[in-house]
Amino acid sequence: MKKGIRFWKFRIPAYAVLLGISLLAVRLSVLGAEGTEGPEAALIEMEDGEYAIEVELTGGTGRTTVSSPAGLTVLDGHAYARIQWSSSHYDYMLVDGKKYLPLSEEGYSTFEIPITVFNEPMEVVADTTAMSTPHEIAYQLTFDLDGVMSKNETPQAAARKVVGMVFLVILICMTVSCVNKRKRMGRR
């Protein structure tokens, strides 16, 4: 019995060490594949959290757009944007030579990238698979620092509130209608 207890005493820490080494190796291989050093995200004097920022796209063929306002994440005082393209055919973006992959394989192509500069064009490259062969296309994104807003102030948030209010009004009308119908049926 003591021999079995001694065996498990050493086996569990050994598995934990092997698991830790494996996870570290996977993390390093991912960093190596995408580049270890990326562009420095611009500093922004805001509390860490989720916001929205107005963004303007120029360059390319002019046939695609990005959603504006874009999602803005502030982390340790650095700014990162969630760029959603009007196409699902973008498979990566390059910012200062560092490759960024889409956040999801479904829906419109959406990327989280560092914002390197505010109020002036930021050079990016996006690879599109919409043509017969993939093409890297140069674009400029301009992030308007004066256009930063709370996530609750975006037009999308306002639209969600309006839709919620419409459903509430419909629910109230249906309830009143049912009550009135029962009253009429009770009188007969």
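Reader: Which residues have the most contacts inside the largest nonpolar core?

Author: In general, nonpolar side chains of soluble globular proteins tend to be buried together. In this predicted model, the largest nonpolar core has 29 residues. The elements giving two or more residues to this core are β1, β2, β3, β4, β6, β7 and β8. Those with the most contacts inside the core are Ile83, Trp85, Ile113, Leu141 and Phe143.

Reader: With which residues is phenylalanine 143 in contact, leaving aside its neighbours within four places in sequence?

Author: Phe143 is among the residues with the most contacts inside the core. Once neighbours within four places in sequence are set aside, the partners of phenylalanine 143 are Ile53, Glu54, Val55, Ala81, Ile83, Ile115, Val117, Phe118, Asn119 and Met122.

Reader: Is β2 mostly covered or mostly uncovered?

Author: β2 runs antiparallel to β1, to which 5 bridges join it, and tyrosine 51 stands opposite leucine 72 in β2. β2 also pairs with β3 in the antiparallel sense, over 5 bridges. Of the 6 residues of β2, 5 are buried. The strand is therefore, with buried meaning under 20% relative accessible area, mostly covered.

Reader: Which residue takes a positive phi in the hairpin of β2 and β3?

Author: Leucine 75 stands opposite histidine 78 in β3. The hairpin of β2 and β3 has 2 residues between the strands. The positive phi, near 55 degrees, belongs to aspartate 76.

Reader: Which residues are linked in a network of salt bridges?

Author: A search of the whole structure finds 2 salt bridges. Glutamate 50 in strand β1 and arginine 82 in strand β3 are 32 residues apart, yet their closest N and O atoms are 2.9 Å apart. Glutamate 112 also forms a salt bridge with arginine 82, with the closest N and O atoms 3.8 Å apart; because glutamate 112 lies in strand β6 and arginine 82 in strand β3, this pair ties together parts 30 residues apart in sequence. The network links Glu50, Arg82 and Glu112.

Reader: Is arginine 82 buried, partly exposed or exposed?

Author: The relative accessible area of arginine 82 is 23%. Buried means under 20% and exposed over 50%, so arginine 82 counts as partly exposed.

Reader: What accessible area do the residues of the nonpolar patch on the surface have together?

Author: The patch is formed by Val163, Val166, Phe167, Ile170 and Met174. Isoleucine 170 lies in helix α2 and is partly exposed, with a relative accessible area of 40%. Together, the patch residues have an accessible area of about 480 Å².

Definitions and conventions:
Residues are numbered from 1 along each chain as its sequence is written. This is a predicted model: local features need pLDDT of at least 70, side-chain atom pairs count only at pLDDT 80 or more; totals for chains, interfaces and linings use all residues. Side-chain values use heavy atoms; hydrogens and water are left out. A nonpolar core is a set of buried Ala, Val, Leu, Ile, Met, Phe, Trp, Tyr and Cys residues joined through side-chain atoms within 4.5 Å. Buried means under 20% relative accessible area, exposed over 50%, partly exposed in between (1.4 Å probe, protein chains only). Helices (H or I, at least four residues) and strands (E, at least two) are DSSP runs, numbered from the N terminus. Contact means heavy atoms within 4.5 Å. Patches are made of residues with over 30% relative accessible area and no salt bridge: like charges are joined within 9 Å, nonpolar side chains (Val, Leu, Ile, Met, Phe, Trp, Tyr) within 5 Å. Accessible areas come from the Shrake-Rupley method with a 1.4 Å probe; for residues, only the protein chains shown count as cover. A salt bridge is a side-chain nitrogen of Lys or Arg within 4 Å of a carboxyl oxygen of Asp or Glu. Two strands pair if DSSP finds at least two bridges between them.
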